[in-house]
Amino acid sequence: MHPIIFSKMDFSQSNLFGYIEDLQELTIIERPVRRSLKTPEEIERLTVDEELSDIERAVYLLSSGQDIQGTSVVANLPVLMRQNPAETLRRVLPKIREVLHVAGVEMQLTAAVSFLTVLQEESVSIHTYSHSFLHIILQNLEHRDAGVSNAWLETLLAVIEALPKETIRHEILNPLVSKAQLSQTLQSRLVSCKIMGKLANKFEAHIIKREILPLVKSLCHDVEYEVRTCMCRQLEHIAQGIGTELTKTVVLPELVELARDEGSSVRLAAFETLVNLLDMFDADDRSQTVLPLVKSFCEKSFKADESILVSLSFHLGKLCNGLYGIFTPEQHLRFLEFYKKLSTLGLQQENGHNDNQLQLQTLEQEKKYISVRKNCAYNFPAMIVFVDPKNFHLELYSIFFCLCHDPEVPVRYTMAMSFYEVAKLLNSGVYTIHKELVTLLQDESLEVLDALVGHLPEILELMTNGGENSGSESKLLSIPDLIPALTTAEQRAATSLKWRTHEKLLQKYACLPHIISSDQIYYRFLHRMLTIILTNNVLPVQKAAARTLCVYLRYNRKQEQRHEVIQKLIEQLGQGKSYWNRLRFLDTCEFIMELFSKSFFCKYFFLPVLELTHDPVANVRMKLCYLLPKVKSTLKIPTDKHLLQQLELCIRKLLCQEKDKDVLTIVKRTVLELDRMEISVDVEQLEKEKQQNEGRSTNVNDKIFEKKRRDSKTSSVLAKSITLSVPVNSSGTSAGKEEKKSKLVRSQSFSTQALHPKYSNVDKCPNKSSATGYTSSVSGMGKGCMLSFSDDSFRTHSTGNSGNAAFPSSSSSRNLFNSADQKSNGNKETQSRKMSMPPGKSPPTLSAALTLNTCKGKFQHGLAEYTAPSAGQRMEHIPLENTPWLITEGLRYHCAFDTNGLRWFLDRSS
């Protein structure tokens, strides 16, 4: 396709061999390869005896070491001062002073920093510091290298802040008189200027007037413009030290003279100092002295002195408001026009004005004009105050429009930064700048968007609710333009590589429920947040989108939309194929617990969260374990008793089945934290259930009592046939029956509080009369309330009818069942046959003080059948496998699980 290129290439065999011959003719110069960075001689010189102490090593290296070793010792000086200040001052510091006379730039800079660090750490007293370190600092102030001299000067200025007045007077002020003389070097006089500016705040006004002000006047008239400029910039500090009166009589005349100096840098310094001292001058000084100077600066800035243009544009807002009280209407208008001219400086050529008369602008001029327009954007809020917000649309809106549409990014960035201040100042007229807000939201530069986003919630709130005079029609009209701009801004941030801007934008979008309707959020923003969570690859962005989505869900009042979003969160995140989505589901649940009520989380997200205990990815299970304490804190007793049981089951499964070491470690740590947590109690609901249960138990007991009296003969016969039953005297008094009746009522009430009705059905003995049930409950045949659960549900397996578990109180169980244990010694074979412990294993000991409350009956676990042991028996006597236990705390009981799936209720009071 390109014959010209191929015609120039010759791939013939002769040419190829020719190239090879040329390569063979190249001679390879053999050079010795240096296998180490240092020669043995160099290594020998750098080697130091390891038995030397830190002080001795430092002295040795400063005396006979190389420069890099000496620099290392100087850098380590603060550490030596902390460890052994006395020896360091006696042996190391004199060596450093000797070395610094001939040291290079690197060691000098390092020494300046180390000396300052020693001062800041207060390793020694200020008196010791001034005696040992101050002379070294003063000796190196006039170093021939300007960078070194400035470094030591910064250290000295910091030291002056801490030195006492007498030390400053003798060690610094007195030598300063000679150092500031015209016969001294330029560097010496510049250093003297900066030191005097620092000393002005350390002495009284009369000392400054007598000893410092004569030097100040001398340096203001120095023959070198660098000295005059430096001294002029220190006049602000000197004026603050001497007060208003001396400033008016001494400093102001010097500033006026320096403002007319032949050097442009001197005039610039005089102008900036004059603006900074504006508050110290009275009305007469402002009108008679300052204002003429400012007018002169403004007139010359476009003609003969463009060097002051950037500084003038930067200080113009402060200058206009500082002189506001003395402006005539004509002067007010003149300064306003001057600001407008600066705001469009450099744009005339682009706008097509005076093309034939304009000269080609250099690159430096363009940069200067951009800086001027940027400064005008910075001063725009101050100019609104200057013209009054009521006149904004008439006087400044055109300038505001130009600055927001400026072709340079720095100008638009500055306008975005100050947009919130402008909106606050306009108040009721904020609706007039809505179009500019849309423009900046759709700006092609993400830097502009990032600057605007910082106060976006406040700006949007002002836009929609700003002022009493802004009618509802203007607010409604602003929203249709605003929503597309917001969506466009988010999409542009999402497609860029600046994820921090995207994250910031999503966080600020959480304010939209206060700005627009829930339907607009649902159709334009909510699904977009869900898409970001599912598709974005940046974790902070996903979390920001998840939290904003939860805020949108919080303020959405339509149940259909709410249920749809909740369903999508569970299906696409909680049950998603990617483990990354399931992790984000847990993050979203954490935000839901933060923003929503506890009952909302329990209703919709509690069980989906617990399902992740079976997740195949260890990271998901690990994150779930970290979240479990917060999950438990959402529960309320007795309303959420069934959820508490589900939580306990999931933790038990994690303890028993978890194979990952890291996850198991976190599970055990979480178990201890959960055990220490207190569950909140719904007192009203508890009282209601208690009253209902007491009324229900009274009716049931009356029926049982009547039936037992009719079938007394049958019950006595059946009682003798039961292996573990205790004979009851048939001729018992009515008082004994009433006592048994009250105990049964108490046990039924406790069982209702301890277990949810759905999961608290405990099997009774099969096909036995009511008298038998009553007898066994009174005699307390079981050692504990043992409920057998499978790993997949909380339902108990039984061989007879189910009923509510009855728990006697701890005090009655101890007194009643101790006698029952003595009478049941003859039944050891039956107990050992039904509950046996594997050989070689000792029964687990939970606590010697904890006793078991039990209900009667048999319980089946797998193929083994167990009879409930007697209440009151110690935990260590219960024949179970020696396996880990999980202890959780309920309302009035402790609940213990073992790894065989057996659940034990332990009376908390015992």
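Is E122 buried or exposed? E122 counts as exposed, at 65% relative accessibility. Buried means under 20% relative accessible area, exposed over 50%, and partly exposed in between (1.4 Å probe, protein chains only).

## Basis of the model

This is a predicted model, in which local features need pLDDT of at least 70, side-chain atom pairs count only at pLDDT 80 or more, and totals for chains, interfaces and linings use all residues. Residues are numbered from 1 along each chain as its sequence is written, and side-chain values use heavy atoms, with hydrogens and water left out.

## Backbone exceptions

Most residues other than glycine have a negative phi, and most peptide bonds are trans. E122 is not a glycine, yet its phi is positive, about 55°. E122 sits in the loop between α8 (105–121) and α9 (126–132). Helices (H or I, at least four residues) and strands (E, at least two) are DSSP runs, numbered from the N terminus.

N427, also a residue other than glycine, has a positive phi near 55°. The loop between α26 (409–426) and α27 (434–441) holds N427. N427 is partly exposed, with a relative accessible area of 44%.

The peptide bond between I637 and P638 is cis, with omega about 5°. P638 belongs to the loop between β1 (636–637) and α39 (641–657).

## Packing of α20 and α22

Two packed helices are described by the angle between their axes and the distance between the axes. Helix α20 (residues 329–343) packs with helix α22 (residues 363–378) at about 130°, and the axes are 8 Å apart. Axes are lines fitted to C-alpha atoms, for helices over the stretch in contact, and angles run from 0 to 180 degrees between N-to-C directions. α20 and α22 are therefore oblique to each other. Angles under 35 degrees count as roughly parallel, over 145 as roughly antiparallel, 65 to 115 as roughly perpendicular, and the rest as oblique.

On the α20 side, Y339, L342 and S343 meet V372, R373 and C376 of α22. Contact means heavy atoms within 4.5 Å. By class, the contact has 4 nonpolar, 1 polar and 1 charged residues. Ala, Val, Leu, Ile, Met, Phe, Trp, Tyr, Cys and Pro count as nonpolar; Asp, Glu, Lys and Arg as charged; the others, Gly among them, as polar.

## A buried aspartate

D587 is part of helix α35 (residues 579–595). D587 counts as buried, at 4% relative accessibility. Leaving aside neighbours within four places in sequence, D587 is in contact with K543 and K623.
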